[in-house]
Amino acid sequence: MRTWMPRARGAKTGPRLATSIGVLAFAVAACGATSTASSPKAKVKATTTTTTTTPTTTTTTTKPVSSPHVMIVMMENKSFSEVIGQADQPYTNNLANKYGLATQSYAFGHPSLPNYLDIVSGSNQGVTDDGPPSSHKFPSTQTLADQLVAAGFSAKAYAENLPPDPTNNLGEYAVRHVPWEYFPSARISVADASSIVGDLNAANAPDFVWYTPNLINDEHDGSVQQGEAFLSKLIPEVQSTSWYRSGGRIIVEWDESDADNSGVNGSGGGHIATIVVSDSLRASPKRVSTPVNSAGILRSLEDAFGLAHLGAARDAANGNIDTLLGATPGPGP
């Protein structure tokens, strides 16, 4: 399992120690007050400020007290018409009808891996196959997780049937569906999915959550009925957590269509379903018909947290699902 850990803090001596203590004392004195977030895109106004000291620098990170909670669940290889409107998937269609649905959502391309790389980094990184991390590795590429942590948010990924070596396939675990393993410096840990409910009920629950089902549950090797059964178990479990009750939003996204090559700007990975679940959408269900692709989904994830846009997410032509996420346009590149 690849786990991101912060760098160890160094010791200070002499005058630098006095300076650091003064900075820390100021931060402690200020922590009882609330302030208005400096970014006009922030979803909340109250913030907390944490000061950390290293042997050479002192840095301050500001994080909203009440952070956005966004989760993405990646399903596999089904076109929009294979999911939406199908009587054999009543639970999935209930989500689409009672919450939010992007009716013109498209994948980046074929096969699977380029879509996963694109949705977390804004680019397929030149990859056109499903090779493992031993073939494709991008240690210096910035990802959504790096943006989140740099902005003071937390992020965690979960994968079903996570093996001891998550950089290789094993059983129903497919590394090509866990994009973080291709970015070895990404500031995110990957844990077995069995721990997700406990984590989402914890006081330190992650702000951003990534979820990779196994090959049966994501419908790659399993049927749509098996995918339906998986979603009908997972989504209510997440909805029961304190994470979801604190404004959680769940995106259910299919990586590509196995039936066509359509896209937002010409060819692509086909017409897919993108469903968003939240309490606000339950109160006011929405269907949006603005074309969007995986880079546009990344754009809206960044908008939800008030982040700048990576790669192709900078191009407004790739669309967004801001209306479904209740997000506002981000600060741009």
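How many aromatic pairs does the count come to? Rings of Phe, Tyr and Trp (its six-membered ring) pair if their centres lie within 6.5 Å, and by this rule the count comes to five aromatic pairs. This is a predicted model, in which local features need pLDDT of at least 70 and side-chain atom pairs count only at pLDDT 80 or more, while totals for chains, interfaces and linings use all residues. Residues are numbered from 1 along each chain as its sequence is written, and side-chain values use heavy atoms, with hydrogens and water left out.

**Aromatic pairs**

- Ring planes under 30 degrees apart count as stacked, over 60 as edge-to-face and the rest as tilted.
- The ring centres of Phe138 and Phe183 are 5.8 Å apart and the planes stand at 40°, so this pair is tilted.
- Phe138 sits in the loop between helix H4 (112–121) and helix H5 (144–150), and Phe183 in the loop between strand E5 (155–159) and strand E6 (189–192), so the pair ties together parts 45 residues apart in sequence.
- Helices (H or I, at least four residues) and strands (E, at least two) are DSSP runs, numbered from the N terminus.
- Both Phe138 and Phe183 are buried, where buried means under 20% relative accessible area, exposed over 50% and partly exposed in between (1.4 Å probe, protein chains only).
- The rings of Trp180 and Trp210 have centres 5.7 Å apart and planes at 90°, so they form an edge-to-face pair.
- Trp180 is in the loop between E5 and E6 and Trp210 is in strand E7 (residues 208–212), so this pair links distant parts of the chain, 30 residues apart.
- Trp180 is buried at a relative accessible area of 0%, and Trp210 is buried at 1%.
- Tyr116 joins Trp180 and Trp210 in a cluster linked by ring pairs.

**Strand E11**

- Eight of the eight residues of strand E11 (residues 271–278) are buried, so the strand is largely enclosed by the rest of the structure.
- His271, Ala273, Ile275 and Val277 point one way from E11, and Ile272, Thr274, Val276 and Ser278 point the other way.
- In a regular strand the side chains alternate between the two faces of the sheet.
- Strand E4 (residues 100–106) pairs with E11 in the antiparallel sense over five bridges; two strands pair if DSSP finds at least two bridges between them.
- Gly100 has Val276 of E11 as its bridge partner.
- Strand E8 (residues 248–254) runs antiparallel to E11 and is joined to it by five bridges, with Ile250 bridged to Val277.

**Helix H3**

- In helix H3 (residues 90–98), the buried residues are Tyr91, Thr92, Asn93, Leu95 and Ala96.
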